[in-house]
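Thanks for making time this morning.

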Amino acid sequence: MNDRVETILSILHEYYPGADCALNHSNAHELLFATIMSAQTTDVNVNKVTEHLFAKYKTVADFANADLDTFMEEIRSTGFFRNKAKNVLASANLIMNEYGGNVPNTMDDLLKLPGVARKTANVVLGTWFGIASGFVVDTHVKRLAFRLGLTKETDPVKVENDLMNVIPKDEWIFSG
C-alpha cells in the first residue's frame, strides 16, 4: 500500500469511526431487499418504507407470496417502484426455490437474483456476511475515488477494480 492510500484510509478511520450500512435491517433478506429498493433514492426514505414493510413481511416466504400490486403501492415512495417491486418479489421467489429460503452468500449466486448487481451483492456480502468480495461503488464512492486520484474510470465495475488494486483487502469492509 502506498503512503497516499495509507493516509486516506487513516483519515477515513479517524473521521468516520464506526461507519456502517445506513439501511435498517435485522437479517440478510431485509438487507438485500432494502438495498434493491435503495437505487435512486435515499437510505432515509428506504428506512421509512421498510419500517412498515418488515413488520408486515417477516420472512422470505412472506415476500415471495406478496401481491405485486399491493407491494408496488407499499414501496411507491422509493421511486421506480414497479421494477423494484418485481425484482424484490422475484428475488424472494428464487431464494425460496433455489436456496431453501436463505439468502446466498456468494457473489455468483447473488448476481443471479433479479435486481442485484455487484453493488448490491457487495453490500450484502460485506455488511451481513462479513465477506470482503469487493467495493460498494455508488455515485459518491465513484466521485470520491476519482477526486482522490484512485481511479480515472467512470464505470462502477472498473472503479471497483481500481480500488481493489490499491486498497488492501482487510480494508474492503470498513468497520471504523
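Let me begin with helix H6, whose 19 residues should span 27 Å at 1.5 Å a residue, and whose end C-alpha atoms are 25 Å apart, which agrees; the expected span is 1.5 Å times one less than the number of residues. Helices here are DSSP runs of H or I of at least four residues, strands are runs of E of at least two, and both are numbered from the N terminus. Before going further, please keep in mind that this is a predicted model, in which local features need pLDDT of at least 70 and side-chain atom pairs count only at pLDDT 80 or more, while totals for chains, interfaces and linings use all residues. Residues are numbered from 1 along each chain as its sequence is written, and side-chain values use heavy atoms, with hydrogens and water left out.

Which residues of H6 are buried? They are Phe81, Lys84, Ala85, Val88, Leu89, Ser91, Ala92, Ile95 and Tyr99, where buried means under 20% relative accessible area, exposed over 50%, and partly exposed in between, with a 1.4 Å probe and protein chains only. Seen down the axis of H6, these buried residues fall within an arc of 150 degrees, so they line one face of the helix; the arc is that of the directions from the helix axis to the C-beta atoms. The face turned away from that buried side carries the exposed residues Asn83, Asn97 and Glu98, and the cover over the buried residues includes H2, H4, H5 and H7. After H6 comes Gly100, whose phi is positive, near 60 degrees.

In soluble globular proteins, nonpolar side chains tend to be buried together. A nonpolar core is taken here as a set of buried Ala, Val, Leu, Ile, Met, Phe, Trp, Tyr and Cys residues joined through side-chain atoms within 4.5 Å. The largest one has 36 residues, of which Leu32, Phe33, Leu53, Phe63 and Phe71 touch the most other members, and the elements that give two or more residues to this core include H2, H3, H6 and H8. Apart from it lies another core, of twelve residues, among them Ile8, Phe135, Ala145 and Leu150.

Within this model, six aromatic pairs are counted, a pair being rings of Phe, Tyr or Trp (its six-membered ring) with centres within 6.5 Å, and planes under 30 degrees apart counting as stacked, over 60 as edge-to-face and the rest as tilted. Phe54 and Phe63 have ring centres 6.3 Å apart and planes at 70 degrees, so that pair is edge-to-face; Phe63 counts as buried at 0% relative accessibility. Tyr57 lies in the loop between H3 and H4 and Phe71 in helix H5, so their pair ties together parts that are 14 residues apart in sequence. Phe33, Phe54, Tyr57, Phe63 and Phe71 form one aromatic cluster.

Definitions and conventions: Contact means heavy atoms within 4.5 Å.
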